[in-house]
Amino acid sequence: MVTLLAAHHTTGVAVSWTLHLLGLHPAAADRVADELDRVAGDRAAPDFAGLRRLTYLELVLKESMRLYPPGPYGARETTEPLVLGGYEVPAGTTVFYPFWALHMNPAYWPEPQAFRPERFTPEEAAGRPRFAYVPFGLGPRGCEGAGLAMVEAELILAVLLKRFRFRPAPGHEVTPVERFVLWAADDIRMIVEPRDPLRGT
Ligand code: HEM
């Protein structure tokens, strides 16, 4: 269950939210498609070295996990009493901390609701505190699979976006809800079309 929920459910929703955002932002989707054509050429998927050259796709995935962190909060149990923001917290208390709220902090993310992958370019990321962005949590109990998750999510997105174009289903409202992972109340429905209609692929 841990592997299914912690590893695959999270990676799956990261892919889904990214497709949703690209559906809403066709200029970004075009840029991803151009990058994939350039890096993967005629192949259905990039190889491992190619994946590392999908720099714009990586920015998009990071911005997607900022706006919709698949694991929206973390939890720890205090081993000794502490004072946190003026509150006395006894030992043995479970403290939940909201990753999503950090990702929406306008001090580090101007216009936090806006989808702007460029926030993650080295130039824009320079000087931003490390803990302003924690999709994989933090510290010794942070996500063990973060590196694998990024490779998996980028590979799945690369395969899908090389062949298909995703558009939001008209009239379908996407409302985020927390259900252990961050998902949508009535799912995310999209229209999928081949990028090359003549070949149907
Ligand atoms: C996009 C995909 C993923 C996201 C967003 C994600 C996110 C997270 C988060 C937020 C935590 C809690 C960290 C904390 O409390 O500080 C966590 C823990 C964990 N994740 Fe992931 N994860 C992902 C994929 C994976 C994968 C692929 C694996 C394994 C192959 C994995 C294995 C684990 C394990 C074992 C823990 C518990 C670590 C512990 O308690 O010591 N995760 N993950």
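This is a predicted model: local features need pLDDT of at least 70, side-chain atom pairs count only at pLDDT 80 or more; totals for chains, interfaces and linings use all residues.
Hi everyone, thanks for coming.

Let's begin with the ligand. Where does the ligand sit? It is found in the largest pocket. The shell around the ligand holds 21 residues, and those that come nearest are Ala6, Arg76, Leu138, Arg141 and Cys143. If you sort the shell by class, you get 13 nonpolar residues, five polar ones and three charged ones.

Which helices each supply at least two residues of that shell? Those are α1, residues 2-24, and α7, residues 146-163. The largest share, five residues, comes from α1.

A polar side-chain atom of Arg141 lies 2.6 Å from an oxygen atom of the ligand. With Arg76, an N or O atom of the side chain is 2.8 Å from a ligand oxygen. Leu138 takes part through its backbone: a polar backbone atom there is 3.1 Å from an oxygen atom of the ligand.

On to the aromatics. How many aromatic pairs does a search of the whole structure find? It finds seven. Take Trp109 and Phe120: their ring centres are 5.5 Å apart and the planes meet at 35°, so this pair counts as tilted. Both residues belong to the loop between α5 (99-103) and α6 (122-125), and they are eleven residues apart, so the pair links distant parts of the chain. Are these two buried or exposed? Trp109 is buried, at 0% relative accessibility, and Phe120 is buried too, with a relative accessible area of 10%.

While we are in that loop, have a look at Arg119, which also lies between α5 and α6. What does its side chain meet? A polar atom of the Arg119 side chain lies 2.8 Å from the backbone oxygen of Pro110.

There is also an aromatic cluster to show you: ring pairs link Trp17, Tyr68 and Trp183. Trp17 is in helix α1, the helix that gives the ligand shell its largest share of residues. Trp17 is buried, with a relative accessible area of 0%. Trp17 and Trp183 are 166 residues apart along the chain, yet their C-alpha atoms are separated by 8.5 Å.

Last topic: backbone angles. Most residues other than glycine have a negative phi. Glu111 has a phi of about 45°, and Asp187 has one of about 65°.

Where do they lie? Glu111 is in the loop between α5 and α6, the loop that also holds Arg119. Asp187 is in the loop between β7 (181-184) and β8 (190-194). As for accessibility, Glu111 is exposed at 64% relative accessible area, whereas Asp187, at 38%, counts as partly exposed.

So, to recap: the ligand sits in the largest pocket, with Arg76, Leu138 and Arg141 each placing a polar atom by a ligand oxygen.

How values were computed:
Residues are numbered from 1 along each chain as its sequence is written. Side-chain values use heavy atoms; hydrogens and water are left out. A residue is near a molecule or strand if one of its heavy atoms lies within 4 Å of it. A polar contact is a pair of N or O atoms within 3.5 Å; within protein, one must be able to donate a hydrogen and the other to accept it, and residues adjacent in sequence count only if both atoms are side-chain atoms. On a 1 Å grid over the protein atoms alone, a cavity is a set of points where a 1.4 Å probe fits but cannot get out, and a pocket is an open set with protein on both sides within 12 Å along at least five of seven lines; lining residues have an atom within 4 Å of a point. A molecule sits in a cavity or pocket if more than half of its atoms lie within 2 Å of its grid points. Helices (H or I, at least four residues) and strands (E, at least two) are DSSP runs, numbered from the N terminus. Ala, Val, Leu, Ile, Met, Phe, Trp, Tyr, Cys and Pro count as nonpolar, Asp, Glu, Lys and Arg as charged, and the others, Gly among them, as polar. Rings of Phe, Tyr and Trp (its six-membered ring) pair if their centres lie within 6.5 Å; planes under 30 degrees apart count as stacked, over 60 as edge-to-face and the rest as tilted. Buried means under 20% relative accessible area, exposed over 50%, partly exposed in between (1.4 Å probe, protein chains only).
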